[in-house]
Each structure stands twice: as structure tokens, then as C-alpha cells.
Amino acid sequence: MKPITFFVALITIAIVLSSISANPYGGWQPIKNIHTYRVQEIAKFAVAMHNRENNFKHRLRLASIRRGLFQVVDGVNYKLDVMVVGGNTFDSNGRMYRTEVHERPGALELKFFTPIFKELN
């Protein structure tokens, strides 16, 4: 291979790789405004589904969303750190949970809802 052809091929590969890494599809991105109606609804859905899965044993309520990320895939994944209050084992300050919800057109699915001790990095 001629040196100039090799150099052009190397530059082309570098351009393609840089455009892939700049593409938001598949990578987690911060949610710029966690106070939007849609993000609030997704967080409330996660808490409600957690309550349902646990037969309404604790009856948790959403107090606030601390931080969130989203990922564009075959829909949108939301990963949220939420503060919840309620239940019989919680103090008045509440407790932090990390949740992930997958949103497709017309459907939401709770992936997980687990207690955490640190917020998203």
C-alpha cells in the first residue's frame, strides 16, 4: 500500500470513529432538567410500580429527583436517583433509590428500583 493511501485510510477511520463516539445513541447522557413534567411522571411511575411489586407493603411516595441520566436505544432508558418518603421503616428524611425505566411509544417498563447510598457519578 502506498504511504499516501495508507494515510488517507487512517484519516477516514479516525473521522468515522470520532463521529461514532460523539453520537448520543447508546451512551448515557445527563438529563438537563429533571424538573420537567415527563421526568417527574417517569419517577412517579417507578415508585408506583415498586409499591405494586411489593404488594403496597411500604407505600412509598416520591419526594424528589436528585439526578438523572437517559440513554437512547429502542426507546429511551431513564436512570434516576430518587428520594422517597413513607413506609414503616423510613425516617422523616426519606431514603435514596436508584431506578431505571424503559420507555417505548405508549409503554413504560420498570427495570429496577434499588436502595442506594451514593448518587449517580
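This note goes through a predicted model point by point, from its strands to its nonpolar core and a few individual residues.

1. Basis of the values. Because the model is predicted, local features need pLDDT of at least 70 and side-chain atom pairs count only at pLDDT 80 or more, while totals for chains, interfaces and linings use all residues. Residues are numbered from 1 along each chain as its sequence is written, and side-chain values use heavy atoms, with hydrogens and water left out.

2. Strand 4 and its partners. Strand 4 covers residues 95–104, where strands are DSSP runs of E of at least two residues and helices are runs of H or I of at least four, numbered from the N terminus. Strand 3 and strand 4 run antiparallel and are joined by nine bridges, and strand 4 is joined to strand 5, also in antiparallel fashion, by eight bridges; two strands pair if DSSP finds at least two bridges between them. Strand 4 and strand 5 form a hairpin with two residues between them, and Gly106 in that turn has a positive phi of about 80°. Eight of the 10 residues of strand 4 are buried, so this strand is largely enclosed by the rest of the structure; buried means under 20% relative accessible area, exposed means over 50%, and partly exposed lies in between (1.4 Å probe, protein chains only).

3. Thr99. Within strand 4 lies Thr99, which is buried with a relative accessible area of 0%. Thr99 stands opposite Leu80 and also opposite Phe113 in strand 5. A polar atom of the Thr99 side chain lies 2.9 Å from the backbone oxygen of Phe112. Leaving out residues up to four places away in sequence, Thr99 touches Ala46, Tyr78, Lys79, Leu80, Val82, Leu110, Phe112 and Phe113, contact being heavy atoms within 4.5 Å.

4. The largest nonpolar core. This core, a set of buried Ala, Val, Leu, Ile, Met, Phe, Trp, Tyr and Cys residues joined through side-chain atoms within 4.5 Å, has 19 residues, of which Ile65, Leu80, Val82, Val84 and Phe113 touch the most other members. Two or more residues each are given to the core by helix 2, strand 2 (60–73), strand 3 (75–86), strand 4 and strand 5 (107–115), and helix 2 provides the largest share, six residues. In soluble globular proteins, nonpolar side chains tend to be buried together. Among the contacts of Ile65, leaving aside neighbours within four places in sequence, are Ile34, Val39, Ala43, Leu80 and Val82.

5. His50. Helix 2 (residues 37–53) also holds His50, which counts as buried at 11% relative accessibility. Beyond residues up to four places away in sequence, His50 touches Leu60, Leu110 and Phe113.

6. Lys79 and Trp28. Lys79 lies over the face of Trp28, at 4.4 Å from the ring centre; a charge sits over a ring if NZ of Lys or CZ of Arg is within 6 Å of the ring centre and within 35 degrees of the ring normal.

Definitions and conventions
Polar contact = N/O pair within 3.5 Å; in protein donor to acceptor, adjacent residues only side chain to side chain.
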